[in-house]
Amino acid sequence: MRQELLSLPKGLAEEVSRNLVMVARLIDEDPEQAYAYARIALRLASRVAAVREAAGFAAYATQKYSEALAEFRASKRMTGSVELWPVMADCERGLGRPERALAMAGEPEVQKLDKAGQVEMRLVAAGARRDMGELDAAIVTLQSPELASNSVQPWTARLRYAYADALLAAGREDEAREWFAKTLEADKDGATDASDRLAEIDGVEFVDAAAVEEEEADLADDLDDVDDEGEDEDEAEVAAAERAADQAEYYDEDDEEYEPLDEADVDVTDEIVVVEGDERDKA
């Protein structure tokens, strides 16, 4: 790619390079944003094969299969390489044309692919068979020396996973479980969800720890609200009791500091009896 960019003026090459770097960085996490960067690079340097290839993968990641196929074809014309043949066939699948993908699997270009490319082509062909409802044929398509090998290669986990998934779809659960387990052995980077599929077959349910923590936090908040309401009610009861005590307390009206209570503050159920001094003496 670097050699191709050298054919551009320095400033333009740097601008295109920056956009391609962003495509590579975002294509897995944010394919839509990666696609936007790819379109910028394509507008700046549409005659560069690497740009057309990057634009194709960005379109492929966003399921714009027709656009992706056009970009891959353009890149193939520019370079003469068959490296993109499997992904081009998968674009045909994405466009609802599995029969074309199968036809491509039988073309001479497949023989020019390296081992990884041939395995990828086998995966696409098996997927096309499944698209056509031919489960048994898909299983047979995946049966290969690469599948039987105990050697772990970059493609091993994906190949075993596809085989296990096809077996499960065909109702061969015991065999599927065996191959999901073999997938897990080869999948050191966690590229597949083989462990989840195994758990599903075994009837194991996982608890979402984050969801549990959220529920506990919500419950704690609810309890805090109840406690706060209880505290408010307690404070109101205390205040009411203090007012009742004030009302029952004896006040001397001749006392300069005496302040009669407002009628609103007096509880009519509490009768306050004030006995005058002379009557006390008489008593």
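Colleague: Why is the pair R93 and D90 called a salt bridge?
Modeller: A salt bridge is a side-chain nitrogen of Lys or Arg within 4 Å of a carboxyl oxygen of Asp or Glu. The closest N and O atoms of R93 and D90 are 3.1 Å apart, so the pair meets that rule. The model is predicted: local features need pLDDT of at least 70, side-chain atom pairs count only at pLDDT 80 or more, and totals for chains, interfaces and linings use all residues. Side-chain values use heavy atoms, without hydrogens and water, and residues are numbered from 1 along each chain as its sequence is written.

Colleague: What separates R93 and D90 along helix α6?
Modeller: About one helical turn, because they sit 3 residues apart in α6 (residues 85-94). Helices here are DSSP runs (H or I, at least four residues), numbered from the N terminus.

Colleague: What makes D90 buried?
Modeller: Buried means under 20% relative accessible area, exposed over 50%, partly exposed in between (1.4 Å probe, protein chains only). D90 has 16%, so D90 counts as buried. R93 has 25%, so R93 counts as partly exposed.

Colleague: How do you know that E92 and R97 form a salt bridge?
Modeller: Their closest N and O atoms are 2.7 Å apart. E92 is buried at 3% relative accessible area. R97, at 24%, is partly exposed.

Colleague: Which parts of the chain does the salt bridge of D165 and R130 link?
Modeller: The side chains meet at 2.8 Å, N to O. The pair links distant parts: D165 lies in helix α11 and R130 in helix α8 (residues 115-131), 35 residues apart. R130 is partly exposed at 32% relative accessibility.

Colleague: Which residues do shared partners join into one network?
Modeller: R73, E92 and R97.

Definitions and conventions
Helix = DSSP H or I, 4+ residues; strand = E, 2+ residues; numbered from the N terminus.
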